[in-house]
Amino acid sequence: MRQYHIFFLLFYFSSNLLSGQVTVEEERLQNIGESIGYYTDTSCNSQGDYKNFDFQKGESKVPLFEGSSCYWGKLELTNLSPEDKLVLEVYNPYIDELLLMYEVDGEEYSFRQGKNVPRSEWTYELPNLVFDINLPIGKTTTLYFKVTSQEQFNLPVNIGVKDQILNSNYFSLVFFGIYAGIMLVMFFYNLFLYFSVRDKSYLYYVIHTGFVLLTQTAFFGYGYLYLWSGSPSFNKISFVLFTCLVSLAGIRFFFEFLRVKRKAPSIYKAIRIIEVVYLVVILMELIGFRDLAYKILFPVQGIVALTIYAGSLKILKNGFTPARIFVLSWTVLLMGIIIFSLKDFGVLPYNYFTLHTIQVGSALEAILLSLALANRINTLKKEKEESQRKTVNALKENERIVKEQNVELEKRVKIRTMELQESNEELESTLSNLKETQSQLVDAEKMASLGQLTAGIAHEINNPINFVTSNVAPLRRDLSEIYEIVETYSAVNVENANETLEKAHALTVEYDFDFLKEEIDTLVSGISDGAIRTQEIVQGLKTFSRLDEDDVKLIDITEGLDSTLVILRSKTKDQVIIEKEYNEGFPMIECFPGKLNQVFMNILNNALYAVENKNYADGEKPTLTLKTVRVNNEVNIHLMDNGIGMDENTKKKLFEPFFTTKDVGEGTGLGMSIVFKIIETHQGKIQLNSELGKGSEFIITLPLRQPKDS
Ligand code: ADP
Ligand code: MG
């Protein structure tokens, strides 16, 4: 169990070998560890009968106890010193509680001190446990004490007169002060460096050093005396807590300073795991498993110390120079610990040097590491210069590459530009081709409607012309008969009067002159009718085509509707009923009359197709309805049919060029797109209501006047 000393950095006790019963006579403070009788009371519940315990003499000056039991001590003391008051010092402020009892001249004394005892109960303002022994000169008494501690502990006990104790403590304080001074200088110096260099190593060093100092302050009792005297509960955990933090910060410093993650990854990983163990220890300490925490902590300290040592040696071997000073400082510290422990084992004598090797070691470590850190500035500077040089080189290289790439890029851009130009030209020619095709198609659509139109007109005109032509032959025949009668009459003279008149009269009778007159009348009026009808049709055609009018004109659009109907009449035959609901006094509107007629033509043509292709139920007749309505400054033209109607898809695509549901040759799919275009140029709108199987209605809305710029 003693091995744990190796890692117990901060032990301090003074010693002076004596044996047997203790007599205080010299002017020197004596260690009386080997003169005390010890008894371990595991049950810890014996109160009154302690005087009958089986006390065993101690085997060492500074015995080590397991903790978690009650330890009793007994000591026969005779005062042969010049003063009638002695003091007993327990040089370990870190035991939980020590209760001291003795009896002098029938008077009983009892005191208790320790880290669980409020500072106010302590007799002296000193870091260690110091008890007054009111023992007059020449007298003897028996001291009994009971020690409780949750953790393992050493029990260094000294005895002497008050001044000796005060002097020794004063000396220790000065020594500690020097130590603390060195550590604080290192602390602030490197803190300052951290703020100027901003390298994390400095920060970890500063934290590490700070906690080393705090750990020692706690362990030597200065913390409880000066810093947190009001808080026994914090005092209880301070040492283990600070020790863990020392190690955690030390580990972090090690990682950062020697770049362990990169240079010794396996060690890095191993220690990362141990870091967790430290956190667990801290947690256990905080929630009250202090004994266990303490027992885990020290072996872990040992493992970490050796791992760090191995790691730094490995990194040094790999040629990382900062590791040199690190190894040196770590060696110094470990030497200190080893010397300290050898003294504990009795190999080396107890003296002030062996007692303070750990402290000296940690101070030297702090100084060496601080030097290493100072040197690190140079390293950092060199690294920075190196990296700057590299950056400059890289930049130059980049520039070169960029230049090269630029040349390459320019080449490519040229090629691409040429390609683009080519494809642009191609596109342009494709576009003009397309435009051509489009206009050809539009022409085709026009031709198609023109074809229908011509057929319609031919048919229309054929009727009246037939009238005329079929009347001409009988008229000629009638006229020739009349001519014959007239010629016969005109041939009458004096010689043949009777004979000729008789002949003429006979002809008149034969040809039935009255009938002839009637028939000629009928034939002529037939011819006249035919001519008039033809004239009407020609007029309608003229109105419809308005080929002569490409400008905006004020016209009556009902005329346009009517002329379109005239053209379509051949198609409508008599089966289709045409209903007109023209608004009375419908205004003239400004438009391109020829184009608008094309709109009516295209829509009505579709409507006729729609009614022709529907099977009507009884009583229902194919009907087109044309309606005009004026609304304020606009006119609405409703063109309705009760034909096949349209499904949703057709409605959606109706105005798309080339959309058709008709068979090849029957439709071009351009009619409605042309309608849309024309209405657009008129600043108008076209709406559609249609239901499949019921019919369709187009509502064209046009402004009365065209805006100036159109
Ligand atoms: P096309 O008549 O050459 O097919 P349009 O552009 O004139 O081309 O018409 C496109 C389509 O719209 C027609 O194929 C038809 O399906 C539909 N359509 C147009 N008007 C009507 C209507 N009054 N009733 C039913 N369907 C119609
Ligand atoms: Mg059409």
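These questions and answers cover salt bridges and strand pairing in a predicted model. Local features need pLDDT of at least 70, side-chain atom pairs count only at pLDDT 80 or more, and totals for chains, interfaces and linings use all residues. Residues are numbered from 1 along each chain as its sequence is written, and side-chain values use heavy atoms, with hydrogens and water left out.

Q: How many residues apart in sequence are the parts tied together by arginine 290 and aspartate 96?
A: Their side chains meet in a salt bridge, 3.3 Å from N to O (a side-chain nitrogen of Lys or Arg within 4 Å of a carboxyl oxygen of Asp or Glu). Arginine 290 lies in helix α7 and aspartate 96 in the loop between β7 and β8, so the pair ties together parts separated in sequence by 194 residues. Helices (H or I, at least four residues) and strands (E, at least two) are DSSP runs, numbered from the N terminus.

Q: Is lysine 614 buried or exposed?
A: Lysine 614 forms a salt bridge with glutamate 620. Buried means under 20% relative accessible area, exposed over 50%, partly exposed in between (1.4 Å probe, protein chains only). Lysine 614 has 15% relative accessibility, so it counts as buried.

Q: Which residue in β11 is the bridge partner of leucine 100?
A: Strand β8 (residues 97-104) pairs with β11 in the antiparallel sense, over five bridges. Two strands pair if DSSP finds at least two bridges between them. In β11, leucine 100 has as its bridge partner phenylalanine 145.

Conventions: Chains are lettered from A and ligands numbered from 1 in the order in which they are written.
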